[in-house]
Amino acid sequence: MSTRKGNLLIIDDEKLIVERVSMLLEDLADEVFTAYDGVEGFEVFQENNIDCIICDIKMPRLNGVELIKKIREVNKEVPFIFYTGHGSKELMMEVVKYGAFDFLDKPNLDHLEEVVERGLKLGVKGTSDLKDSSDFISEYQDMMKELDEDDC
Amino acid sequence: MIQLNLKLKRWESMNKKYLISDPDTRLVSDIKRQFEKDGIVIEVAHDGKQAQLMTYNNQYDAFLLDMETKNHTALEVLKYCTVNKPGLKIILSAKSKDYFVSFGLKDSDLKKAGIDDVLYKPYQLNDLKKIFEGKEKSTWKNIKEKSSTSNNNIIVEINDEELTKIPINDFVSGKIVIFDCFVKMNNKKYTKIFNQGENFNQEKFSSFKNETIKHLYFFKKDRAQFISFMNDLTEKIIDSEKIDIGTKVKATKNLTEKYLEEVYIQNISKNTVDEGIAIISKIEKLIAKNKDLSYFMDQYEEFNPEDFGHLFLVTFFSTIIAQNLEWGSPSTTEKIAFGSMLHDIGKLKLPLEIAEMDALKMSDKQFNLYKQHPRLGAEILYNSRGVPEPVRQIVFQHHELVNGSGFPNGLSGIKIYPLAKIVSLADYFANLLKREKCKPLEALRIFIPDKYEIVKFDAEIIKSLISGFIIKKDKAREKKV
């Protein structure tokens with residue numbers, strides 16, 4: 001079983017946010033990488049083994065939607081956590097097509113650690129061993145037997 | 001419904017509690033010293049970050065935020081509070097009016113941004129006190145006691161659309177009736193049985209409860225009052241060791257349904273988000289404190305799956321699922337429950353016949369229209385203040401299915417927002433109960449062997465739903481032994 005915590009990439013054009021979030025999360029990850037726009041973010045992603053990404057949606061050069069679309073072309077699975085401000089309805093409704101793991105509203109930093117921890121776990125574990133829920137029918141039925149016993 | 005006969009204490013006499021964030025320590029000491037003489041509690045945040053934490057962890061009647069706040073600027077703190085604490089009264093202070101003018105901001109702009117008032121330094125402490133106390137948001141606590149009049153039991157003519165109702169057996173009151181109460185005689189004719197502000201008379205109330213009178217009516221405009229009152233009362237009911245589970249569940253259900261009626265009909269406002277979160281905490285507490293939910297599982301027929309009953313059920317089931325997930329947490333459960341409450345809000349934009357129809361019975365044309373409601377719902381919420389992004393995404397994605405057969409985007413597997421997957425299953429399950437007219441356990445027995453349906457949902461989430469029932473049944477079994 002992997003004991004890796006995973007590597008985190010934080011992408012935001014607001015440097016203060018990148019600094020704050022990095023400081024808050026540095027103990028959760030093996031390594032924290034940063035970038036200040038989507039283009040730089042993609043370069044850092046390609047050069048390193050990234051397990052989870054925290055990303056703003058509105059960024060210069062390449063916004064969050066364009067970035068996740070580009071990354072999904074090379075890595076279908078890495079969890080994306082969007083840390084967003086107001087006024088980005090169209091982008092937020094567009095981004096879902098590419099699969100976002102979670103969302104947080106700026107400037108709220110509460111629960112960020114909890115969400116990132118889950119994201120890193122999923123990123124490290126991967127999803128290749130995910131099974132169809134129909135593969136678990138016998139397991140569900142065993143659980144149901146416990147309920148049925150009461151009716152006997 | 002058992003008349004609780006609670007003697008509710010007059011909560012308006014409880015101490016007010018205010019939060020202050022201002023780097024001027026001398027001013028803050030003066031405020032603290034002056035206000036605490038009057039029994040007002042003043043808590044002080046030393047910087048913006050602490051202020052955010054304190055608003056998250058505590059309830060305040062108002063928050064005085066100075067523009068010079070550092071380490072999370074005043075603007076950051078303000079943004080945080082408007083998103084996470086939309087019901088909090090916020091007063092900004094600044095060194096002068098020119099401060100905002102220099103940013104091109106007028107008082108009206110500040111009000112739009114969620115600020116209740118602005119003070120310019122130097123200000124008088126009395127002025128601060130008046131602003132703190134100000135015009136309170138309408139709550140039941142402001143209802144003044146009036147003497148009973150002989151103007152009771154009169155028959156009045158009221159448009160049915162002006163009134164809302166609750167089951168008469170589920171009605172509870174404190175010492176003072178907080179709104180005019182009616183029973184229905186026939187169309188548009190009602191008997192007024194209580195006036196707002198008069199003392200509640202149990203004997204008189206009981207005399208109206210008979211086979212033909214099933215509901216108590218009150219004006220829709222008083223619904224917010226009802227919600228505010230029941231939110232406070234339900235907290236006490238759930239915490240009480242002496243009150244039976246049936247009463248607790250009914251109180252929570254009625255509160256949730258009335259709240260949802262207000263949200264779906266009146267729209268979401270600054271206050272309603274906070275009220276909703278307070279209700280969610282009660283549902284969570286109800287489930288967590290009462291592991292034996294055999295009452296609920298056996299008495300399911302009483303839970304009308306029509307209208308807002310469905311939304312309550314979805315919230316209830318999704319909370320059970322969330323509490324049984326390995327990765328579930330209080331904050332996750334709160335988002336899931338709130339998303340559950342609002343998940344069908346997009347139906348408000350559909351033609352009524354489609355909004356009320358069973359999706360399985362729709363024509364292709366009707367179903368195509370119906371498939372718009374998640375997007376429509378998300379758009380409503382993007383135009384509403386204080387709704388967190390996770391909740392919007394739940395509403396947008398609650399009909400996406402793991403095998404890709406859902407809508408509106410046909411997402412599949414891991415692309416679907418995990419929290420939305422929970423609401424998706426809870427929604428399906430609540431609809432199954434309605435369709436099959438069966439109890440929750442029977443619905444599980446129908447659902448689990450159905451391979452066609454099982455593949456639409458996440459395995460972990462299905463297991464959490466089943467687990468939720470197992471725990472409840474185990475506790476019921478212990479009780480019987």
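1. In what order do the five strands of the open sheet in chain A come? In this predicted model, the order is β2-β1-β3-β4-β5, with parallel pairing. At the edges you'll find β2 (31–35) and β5 (102–105) of chain A; each has a single partner strand, so one side of each has no neighbour in the sheet. From one strand to the next, the twist averages 20°.

2. Opposite Ile11(A) you'll see Cys55(A) in β3(A).

3. Now for the helices. Helix α1 (residues 15–25) of chain A packs on the sheet and touches β1, β2, β3 and β4 (80–84) of chain A. The direction of α1 makes about 175° with that of β2(A). Helix α3 (residues 64–74) of chain A also packs on the sheet, touching β1, β3 and β4 of chain A, and its direction makes about 175° with that of β4(A).

4. Over in chain B, have a look at strand β9 (residues 189–194). Five of its six residues are buried, so β9(B) is largely enclosed by the rest of the structure.

5. What does β9(B) pair with? Strand β6 (residues 154–157) of chain B pairs with β9(B) in the antiparallel sense over four bridges, and Ile155(B) has Thr191(B) as its bridge partner. Strand β8 (residues 181–186) of chain B also runs antiparallel to β9(B), with five bridges between them; here Lys184(B) is partnered by Tyr190(B).

6. Finally, check the turn: β8(B) and β9(B) form a hairpin with two residues between them, and Lys188(B) in that turn has a positive phi of about 70°.

How values were computed. Residues are numbered from 1 along each chain as its sequence is written. Chains are lettered from A and ligands numbered from 1 in the order in which they are written. This is a predicted model: local features need pLDDT of at least 70, side-chain atom pairs count only at pLDDT 80 or more; totals for chains, interfaces and linings use all residues. Side-chain values use heavy atoms; hydrogens and water are left out. Buried means under 20% relative accessible area, exposed over 50%, partly exposed in between (1.4 Å probe, protein chains only). Two strands pair if DSSP finds at least two bridges between them. Axes are lines fitted to C-alpha atoms, for helices over the stretch in contact, and angles run from 0 to 180 degrees between N-to-C directions. Contact means heavy atoms within 4.5 Å.
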